[in-house]
Amino acid sequence: MRILMVSAEAAPFAKTGGLADAVSALSIALNKLGHDVRIVIPRYYKINRDKLTKLEGPMGVYCGYSEEWTAVYTTTMPGTKDLPVYFIDHENCYGRDGVYGTPFDPDFQDNPYRFSLLCHGAFQLCRKLGWYPDIIHAHDWSAALAPVLLRFNERHGEFAHTKSVFTIHNLGYQGWYSKHNYPVLGLDWQHYYSSGFEDYDQINFLKAGLISSDVLTTVSPTYAQEIQSAENGFRMDGILRQRSGDLFGILNGVDMDVWNPSKDKYIEKTFSTRSMAGKAANKKALQERMGLEVNPDIPVVGIVTRLADQKGVAELFAPTYGCAYRMCTDMKLQLVVLGSGERWCEDELRVLSSNLPNLRAYIGYDESLSHLIEAGSDFFLMPSRYEPCGLNQMYSLLYGTLPIVHRTGGLADTVQNYNEQTGEGNGFVLNHLTPSSIYDTVGWAMYAYYNKKDHIKAMQKRAMQSNFGWDVSANKYLEIYEMIQKRF
């Protein structure tokens, strides 16, 4: 099968979150299964052209008012022999810092034009290569114009047999802009309503993708159900219920070459279910690195997160409201936090770290520390308000670090609640996100740690035997690709 991935980001070239990892990992898994997969993304300022190969001749891309002349660069995805990544190069659109914006300008006002150029450019790239895909797979709002263009502008000639798949990685980000940007999308005004772009007299990229794509997917089965409700649908629940027969939830996978305790290059000592001694060595290294009391008998609770409302940080850390201070004073545990985000939360974590001997926070991001937290912690706390898929709970399971999570999205699909009578399960689950429910569930995990050690050991080994490889997800996507080839 010929599959074109259209995305604003792909690891390791451009990454702001899990979208980049998912696009690249899925592409690699499909490539390993023998399919002709190609990726197209913008050539952002930070992507060094000197390390890429330039295709001959410029590429004209018509989008909206005029034709833009772009260059196209290419390279091979690391870890593969024949998975090409193409970069559309246009200085005015992409020659700046940031993918969607910067800390000072979080949402570039010309994003409609920037991502219109990407999506129109994807079709022109196919023409330039003389290569026409069976499937155009667009990812999140920034690539949502691609299936719209396929439906209204391109479904003839070379693309007559091409079908579209649109993946929702996070419904909360929709690409909502003034309708004055509509002309730059290169669509006739007669399609303003039928394409799905119209949204309260604005344009909404994600809504258009939901309406115009042949098939919709999202990143976990539970999230696919949740987004069809008013509570979690971000105003798109009606459309999603209407298209429920075309909506599929497929759990994201994990790069098992990177997140694998038996060969992780970032941790103090590797380990596996056959020999867990390395986990104790990593716990000691984590306590030392974070300036905590080095004591193997005190449970360590790790957190690696964006400090944003979606992640439940208010219920944890908000002054006079969050439960973290009470947890650290009432319970014999150590809390380690790695993350950055909202300023109030960063400041509060600094205050808590200075006042509590058993809480330490690293503000920012450190790849080696994130691996050490997963390997050295006994528990991993992830009380997300909503979580389309989640990766950290899967990393934790693979490292024998028992997750403590809110029952939502991919967290509900991957973490089975502890049964105190039988010892079954692989983590601890809270049903309602409140400070008291987090406090109580963490307290329950601490009780099990101190009083049910045989259960904890069995749960750790059970967790480490989980299979989150991308080959499982890739085969499910292939079933959908094959299904829409036959259906439409």
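Which residues is W176 in contact with, leaving aside its neighbours within four places in sequence? That is a handy place to start, and the points below go on from there.

1. **Ground rules.** This is a predicted model, in which local features need pLDDT of at least 70 and side-chain atom pairs count only at pLDDT 80 or more, while totals for chains, interfaces and linings use all residues. Residues are numbered from 1 along each chain as its sequence is written, and side-chain values use heavy atoms, with hydrogens and water left out.

2. **W176.** Beyond those sequence neighbours, W176 is in contact (heavy atoms within 4.5 Å) with D199, Y200, Q202, I203, N204 and R235. W176 lies in strand β9, residues 176-178; strands here are DSSP runs of E of at least two residues, helices are runs of H or I of at least four, and both are numbered from the N terminus. W176 counts as partly exposed because its relative accessibility is 44%; buried means under 20% relative accessible area, exposed over 50%, and partly exposed in between, with a 1.4 Å probe and protein chains only.

3. **Helix α16.** This helix has twelve residues and reaches 17 Å from its first C-alpha to its last, close to the 16 Å expected at 1.5 Å a residue (the expected span is 1.5 Å times one less than the number of residues). In α16, H455, I456, M459, Q460, A463 and M464 are buried. They cover an arc of only 160° around the axis, so they sit on the same side of α16; the arc is that of the directions from the helix axis to the C-beta atoms. The face turned away from the buried side carries the exposed D454 and K457. Cover for the buried residues includes α8, β17, α13, β18, β19 and α15.

4. **The second largest pocket.** A pocket is an open set of points on a 1 Å grid over the protein atoms alone, with protein on both sides within 12 Å along at least five of seven lines, and lining residues have an atom within 4 Å of a point. Here 18 residues form the lining, and P296, D378, Y449, K457 and Q460 lie nearest the centre. Helices α8 (277-289) and α16 (453-464) are the elements that give two or more residues to this lining.

5. **The largest cavity.** A cavity is a set of points where a 1.4 Å probe fits but cannot get out. Among the residues lining the largest one are A22, H137, H169, N252, W470 and Y477. The largest share of the lining, three residues, comes from α1.
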